[in-house]
Amino acid sequence: MEMTRRTFLRTSLHASALAGGGLLIGFRIPAAEAATAPVADDEFAPNAWVRIAPDGKITAVVGSSEMGQGVMTAIPMLLAEELDADWQAVRAEFAPADAAYTNPIIGQQLTGGSTAVRGFWTPVREAGAAARMMLLATAAKRWGVDENACTARNSEIIHEASGRRLSYGALATDAAKQPVPNSAFLKDPSDFTLLGTRQKRLDTPAKCDGSALFAQDIQRPKMLTAVVQRCPVFGGKRTGFDAESARRVPGVVDVLPLHEDAVAVVAEGWWPAQQARGKLRIDWDFGDHGALSSATITRQFEQAVDSGINARSEGDVAQALKDAPKTLEATYEVPYLAHACMEPMTCVAEISETGCDVWVGTQAQTRTQQTAIEITGLPQEKVWVHTLFLGGGFGRRSEQDFVRDAVSLAKQTGRPVKVIWSREDDIQHDYYRPATYNRLAAALDSDGKPLAWRHRIAGPSIRARNSAQVRESGMDGSSVEGAKNLPYAIDNLEVTYAMVNPPVPVGYWRSVGSSQNAFVTEAFFDELARAAGRDPYELRLELLAKQPRHLGVLKLAAEKAGWGAPLPDGRARGIAVAEAFGSYCAEVAEVELEDKTVKVKRVVCAIDCGQIVNPAIIEAQMESAIAYGLNATLNGEITIGNGRVQQGNFDDYPLINIAEMPAVEVHIVKSDASPGGVGEPGTPPIAPAVANALLALTGKPVRRLPIRL
């Protein structure tokens, strides 16, 4: 039976058994249906993830977004391993928005939660294995030999008995005509030759020579540039505007109302648009939140914190606290945080007779396509999302506000529109990492053994705005990440959450709930150890005796950091451990004070992220996560006054600079476990590690971020 490519793509293979050196597995390999998936007539394109050209070049199609985390290299490595491809012949390209690229963990084509490798670990390897099987069959048929006598290696099929070889490129055109194999092997990890090795990133050359495309780089014929003036107060609305002066600025094409809370200036370039925005006179109705401030929000949290619902309850915490000879109480606070992506939000949209094109650095292709469908009324097959590189994401680019601006203005003007946010737009109209207020209590017996732990959290819910179920239940799982899963063996344990939603918009931020809860729990743990008269590392070892992966990273980080060894006067170490997104991470920070300024000199990180894809990417992600978390530890704070964000740019929302960056050492635990995330797990431990070093150095706990001494 001759198979067309589409027929093959829709055929399910059936699992049967473990055999040979790998896993015999059945799968369904979807095809990319989007019209933007380019396939040449002579290319071998057996599924949505790979194309092989007659010249032997292999294109790995990546359904995830690349925001610096290395997915444009890691995903192709999964494919190339099972394909037995020559890694030097592999290139990567972004996939179109298409159901074929739905992340199995998330259920959408979306990059977040450190799920790219975790989600595509099996399906992309299956795609590579299926392609390899078809190439083997093609070569065997051409030679008239049993395909079991053939092997695949380094982009060649080899008939060992005769020494004959055929390259993948030479087989490409005929390979697509092969019948569908009824089974395929996935390699045993012990047979990996590419995965686990240190490989250079495929996207580095394009980023160095300037050919990598970001949304700012997109130019379209007759394209307009737009800037948007939004209501500065949360929940405020536009009641009118005077655009007479703005319209007189040379280059301005139009001034348009946008949504119910903004006015857009569209012009023949950014400069006239920005100049005209400064001349707008807009009448606002600030609504009910014109007096909102950080202080009033904190009071709301404080009033609600004891009324939360249980996220976890074990034993009898109240009785243990009542009976214990020694108790400890503390209040911890973390502020709202902006994402501060180095590339502010930008999006290009064009609506033509054929459909709608959106060029954007997005983490959420499915949502972006849906946004354009809702605004244009076009069917899905006429809305194309062109994913570009992201100049930072951290969760911010999963939002749709900047996409909605661009598509709406393209619809209103009838011309392609590039919406550009300024740095101030970005800082003052973000979806912020939630601020939280935490009330903790713990109990110790007469020997210093922890008897009880109570953690009450009050703060906004990220998921409440999109989930009626979350709103009705009052529980948001992301709000208690890093608290609910406290790993320590304490018999009486209680974690509660009180949902309080001020009008400040909140969203996913790197490592989400663990980013703040790890600070709270791990810093309070050191207070507990201090009250018990115990070394905090030793107490962790004792209470994590049944948590081998926590213990593994904790011991490795402590060993490499020289825990317990003398330090110069005025310097101390702090340690912290956290589980997040399927990975385990411990960090030791060496800290000293210079004129009451915190100086982090060295960070030793140990990470257990399961099976290793590319150690160089893991190391880079840990370094990046530590830098991002350290900035939140030392600098990050969004404050609210008169109903609006008080920061606007890097002068009052500073980022950590190179001189402030400590030396970072990363050590990776060897593991046979399933892959865990690497983009986010490095962030949670850094704030408590620094805080705990300061506690050791000064004897005073750090209970609020950013650190202010």
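Predicted model: local features only at pLDDT ≥ 70, side-chain atom pairs only at ≥ 80, totals over all residues.
Q: Against which elements do the buried residues of helix 10 pack?
A: A residue counts as buried when its relative accessible area is under 20%, and in helix 10 this holds for Gln365, Thr368, Gln369, Thr371, Ala372, Ile373, Ile375 and Thr376. The elements that these buried residues pack against are strand 18 (346-351), strand 19 (356-360), strand 20 (383-387) and helix 11 (401-413).

Q: Which are the edge strands of the open sheet formed by five strands?
A: The five strands stand in the order 16-24-23-22-17, with mixed pairing. An edge strand pairs on one side only, while the twist from one strand to the next averages 10°. The edge strands are therefore the two that end this order, namely strand 16 (309-314) and strand 17 (326-334).

Q: Which residue of strand 23 is the bridge partner of alanine 441?
A: Strands of a sheet pair through backbone hydrogen bonds, in either the parallel or the antiparallel sense. Strand 22 (residues 436-444) and strand 23 (residues 450-459) take the antiparallel sense, over eight bridges. In strand 23, the bridge partner of alanine 441 is arginine 454.

Q: At about what angle to strand 17 does helix 14 run?
A: Helix 14 is made of residues 512-532, and it lies across strand 17, strand 22 and strand 23. The angle asked for is the one that helix 14 makes with strand 17, and it is about 155°.

Q: Which residue is joined to glutamate 522 by a polar contact between side chains?
A: Glutamate 522 lies in helix 14, and because its relative accessibility is 3%, it counts as buried. Leaving aside neighbours within four places in sequence, glutamate 522 is in contact with Tyr488, Arg540, Ala576, Val577, Pro688 and Asn692. The polar contact between side chains spans 2.6 Å, and the partner of glutamate 522 is tyrosine 488.

Q: How far apart are the closest N and O atoms in the salt bridge of aspartate 526 with arginine 540?
A: The count of salt bridges comes to 46. Aspartate 526 in helix 14 and arginine 540 in helix 15 (residues 536-543) link distant parts of the chain, 14 residues apart, and both residues are buried. Their closest N and O atoms lie at a distance of 2.8 Å.

Q: Is glutamate 592 buried or exposed?
A: Glutamate 592 and arginine 571 meet in a salt bridge of 3.2 Å, N to O. Since glutamate 592 lies in strand 26 (residues 583-594) and arginine 571 in strand 25 (residues 571-580), the pair ties together parts that are 21 residues apart in sequence. Arginine 571 is partly exposed, with a relative accessible area of 23%, whereas glutamate 592, at 14%, counts as buried.

Q: In which strand does glutamate 665 lie?
A: The side chain of glutamate 665 forms a salt bridge of 2.8 Å, N to O, with that of arginine 602. Arginine 602 belongs to strand 27 (residues 597-608), and its partner is 63 residues apart in sequence. Both are part of a network of salt bridges that also includes Arg571 and Glu592. Glutamate 665 lies in strand 30.

Q: Is asparagine 642 buried or exposed?
A: Asparagine 642 has a positive phi of about 55° although it is not a glycine, and its place is in the loop between strand 28 (640-641) and strand 29 (644-645). With a value of 54%, asparagine 642 is exposed.

Key
Residues numbered from 1 in each chain as written. Heavy atoms only, no water. Helix = DSSP H or I, 4+ residues; strand = E, 2+ residues; numbered from the N terminus. Axes fitted to C-alpha atoms, helices over the stretch in contact; angles between N-to-C directions. Contact = heavy atoms within 4.5 Å. Buried < 20%, exposed > 50% of the residue type's maximum accessible area, 1.4 Å probe, protein only. Polar contact = N/O pair within 3.5 Å; in protein donor to acceptor, adjacent residues only side chain to side chain. Salt bridge = Lys/Arg side-chain N within 4 Å of Asp/Glu carboxyl O.
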